[in-house]
There are 2 protein chains.
Amino acid sequence: MKVSPMVSADATTLCPYRLVLEHVTSRWGVLVLIRLLERPHRFSELRRAIGRVSEKMLTQTLQTLERDGFVHRDAKPVIPPRVDYSLTDLGREAAEQVRGLAQWTERRMTDVESARQAYDEARTPSR
Amino acid sequence: MKVSPMVSADATTLCPYRLVLEHVTSRWGVLVLIRLLERPHRFSELRRAIGRVSEKMLTQTLQTLERDGFVHRDAKPVIPPRVDYSLTDLGREAAEQVRGLAQWTERRMTDVESARQAYDEARTPSR
């Protein structure tokens with residue numbers, strides 16, 4: 001299957017799927033998907049697991065992923081209120097691919113670091 | 001393989017591989033990798049193929065991908081100057097995964113659009 005030509009790939013006329021790709025590969029999007037692939041999380045658990053994400057950013061990320069159909073939000077009618085987030089089937093597919101890419105990147109960091117060193121050395125003026 | 005916990009995943013203390021992931025999934029990074037997976041391109045060809053990317057942004061994207069070891073830059077000593085960009089073996093691996101994710105997203109856009117419609121309708125106040 002061929003990826004569309006995306007000839008007018010600027011911010012305003014971007015192909016619709018490009019925006020979805022940006023959601024799942026965004027900084028917090030990646031981390032949320034990978035965490036939820038392990039198991040459902042409550043908001044506070046997710047926030048702790050991910051680290052220094054602000055409440056606002058995590059809320060936004062979850063809303064975006066929920067609206068795209070990747071994340072299911074389950075608000076339990078209990079006191080105190082309890083909200084669980086989990087992956088939908090579609091979200092699981094997305095998360096598996098994103099995790100695959102993250103793992104590949106992590107595995108290949110030594111090669112990336114060698115490449116960077118060679119690149120920087122070639123550009124350092126010799127004394 | 002488990003992805004690192006990334007407990008302190010903010011912009012300053014991000015795990016090194018997270019930055020590489022951002023390079024290959026950046027708006028222009030994705031498009032450059034997918035184009036170069038087809039065949040090597042000259043700078044001007046790449047710019048035309050990708051669409052409305054500025055010369056500056058394309059140059060920056062290519063430099064980042066070259067420094068990470070994904071793109072090979074071949075400046076031919078001819079007049080007028082000719083510069084070809086191609087994927088390294090590492091870059092080909094990255095590009096194949098990124099293309100896979102892009103294609104998956106494109107294939108699933110109908111599901112994403114249905115999900116969005118349902119989400120928006122559930123939040124539209126009825127008259």
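## Exercises on a predicted two-chain model

Helix α2 (residues 27–38) of chain B is mostly covered, with 10 of its 12 residues buried. Buried here means under 20% relative accessible area, while exposed means over 50% and partly exposed lies in between (1.4 Å probe, protein chains only). Helices (H or I, at least four residues) and strands (E, at least two) are DSSP runs, numbered from the N terminus.

A word on the ground rules: this is a predicted model, where local features need pLDDT of at least 70 and side-chain atom pairs count only at pLDDT 80 or more, while totals for chains, interfaces and linings use all residues. Residues are numbered from 1 along each chain as its sequence is written, chains are lettered from A and ligands numbered from 1 in the order in which they are written, and side-chain values use heavy atoms, leaving out hydrogens and water.

### Exercise 1: the covered helix

Task: find out which residues of α2(B) are buried, and what α2(B) packs on.

Solution. Step one is the list: B:W28, B:G29, B:V30, B:L31, B:V32, B:L33, B:I34, B:R35, B:L36 and B:L37 are the buried ones.

Step two is the sheet of chain B. It is open, has 3 strands in the order β1-β3-β2, and its pairing is antiparallel. Strands β1 (41–42) and β2 of chain B stand at the edges with a single partner strand each, so one side of each has no neighbour in the sheet. Two strands pair if DSSP finds at least two bridges between them; β1(B) and β3(B) have 2 bridges and run antiparallel. In that pairing, B:H41 is set opposite B:Y85 of β3(B).

Step three puts the two together. Helix α2(B) packs on this sheet and touches β1, β2 and β3 of chain B, with its direction at about 95 degrees to that of β3(B). Contact means heavy atoms within 4.5 Å, and the axes are lines fitted to C-alpha atoms (for helices over the stretch in contact), with angles from 0 to 180 degrees between N-to-C directions.

### Exercise 2: a walk along chain A

Task: work out how many helices and strands chain A has, and in what pattern they follow each other.

Solution. Count them up: chain A has 6 helices and 3 strands. Then read along the sequence, and you get α-α-β-α-α-β-β-α-α.

Now look at the sheet. Chain A has an open sheet of 3 strands, ordered β1-β3-β2 and paired antiparallel. Its edge strands are β1 (41–42) and β2 (71–76), each pairing on one side only. Between β1(A) and strand β3 (residues 82–87) there are 2 bridges, and A:H41 has A:Y85 as its bridge partner. In general, strands of a sheet pair through backbone hydrogen bonds.

To finish, take the chain as a whole: of the 127 residues in chain A, 44% are buried.

### Exercise 3: rings and charges

Task: find the aromatic pair that crosses between chains, and say where its two residues sit.

Solution. Start with the rule: rings of Phe, Tyr and Trp (its six-membered ring) pair if their centres lie within 6.5 Å, and planes under 30 degrees apart count as stacked, over 60 as edge-to-face and the rest as tilted. That gives 4 aromatic pairs over all chains. One of them joins A:W104 and B:F70: the centres are 6.1 Å apart and the planes at 35 degrees, so this pair is tilted. A:W104 is buried at 4% relative accessible area, and B:F70 is buried at 0%.

Next comes B:F43 with B:Y85, a tilted pair at 6.4 Å centre to centre and 55 degrees between the planes. B:F43 is in helix α3 (residues 43–50) of chain B and B:Y85 in strand β3 (residues 82–87), so the pair ties together parts 42 residues apart in sequence. Both B:F43 and B:Y85 are buried.

Last, the charges. One sits over a ring if NZ of Lys or CZ of Arg is within 6 Å of the ring centre and within 35 degrees of the ring normal. A:R123 lies over the face of A:Y119 at 3.6 Å from the ring centre, and B:R123 has its charged end over the ring of B:Y119, 3.7 Å from the centre.
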